[in-house]
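Open the model in your viewer and keep the selection panel at hand. The stops below are meant to be taken in order.

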Amino acid sequence: MGHTLSELAMLVVGGIFVWTLMEYSLHRFLFHIKTKTYWWNTIHYLLHGCHHKHPMDGLRLVFPPAATAVICIPLYNLVKLLSTPSCAPGLFGGGLLGYVMYDVTHYYLHHGQPSSTIPKNLKKYHLNHHFKIQDKGFGITSSLWDRIFRTLPGAKTPEKSQ
């Protein structure tokens, strides 16, 4: 569509970057929403609560591919609306790649046995969210947005002035 290889690479990286913000936002504001009614509690449990209740159950770790495909249609239309027609495929492809990287990383953090430092630390960080501090540490593939939005476990929050 008229882009150079380096421009396409930047679009894909941009899509991955946007996905990391979506990953954090969905996990923090949708998957950890406070619910009060039976039906909202049920929906929340089906979306994410069952994963927290059974974090080591391999069948509760990834979103079903058929449901992902259905959700991709409105998301791609949103990307087309917010970007130019020639940039949309690269951005969307990067976002989709980011999602797949998130899914395999999340599965690995629960069931893999990392031997190097970065994956070990990421596993410790994520399992801390599951087993110690569930209202912090919403990033899965990185702690970037937790650092930016001050939801890093153990991070001090600024004191409110009186």
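The tour goes from confidence to a helix pair and then to aromatic rings.

This is a predicted model, in which local features need pLDDT of at least 70, side-chain atom pairs count only at pLDDT 80 or more, and totals for chains, interfaces and linings use all residues. Residues are numbered from 1 along each chain as its sequence is written, and side-chain values use heavy atoms, with hydrogens and water left out.

Colour by pLDDT, the predictor's confidence in each residue from 0 to 100. The protein chain averages 88, with 94% of its residues at 70 or more. Select residues 155-162, where pLDDT stays under 50. Where pLDDT is low, the predicted coordinates should not be read in detail.

Next, select helices α3 (residues 65-82) and α4 (residues 88-111), whose axes come within 10 Å and cross at roughly 145 degrees. Helices here are DSSP runs (H or I, at least four residues) numbered from the N terminus; axes are lines fitted to C-alpha atoms over the stretch in contact, with angles from 0 to 180 degrees between N-to-C directions. Contact (heavy atoms within 4.5 Å) involves, among others, L75 and Y76 of α3 and F92 and Y99 of α4.

Rings of Phe, Tyr and Trp (its six-membered ring) pair if their centres lie within 6.5 Å; planes under 30 degrees apart are stacked, over 60 edge-to-face, the rest tilted. W19 lies in helix α1 (residues 5-30) and Y99 in α4, so the pair ties together parts 80 residues apart in sequence.

Finally, select F17, Y24, F138, W145 and F149, which form one aromatic cluster.

Terms used: Helices (H or I, at least four residues) and strands (E, at least two) are DSSP runs, numbered from the N terminus.
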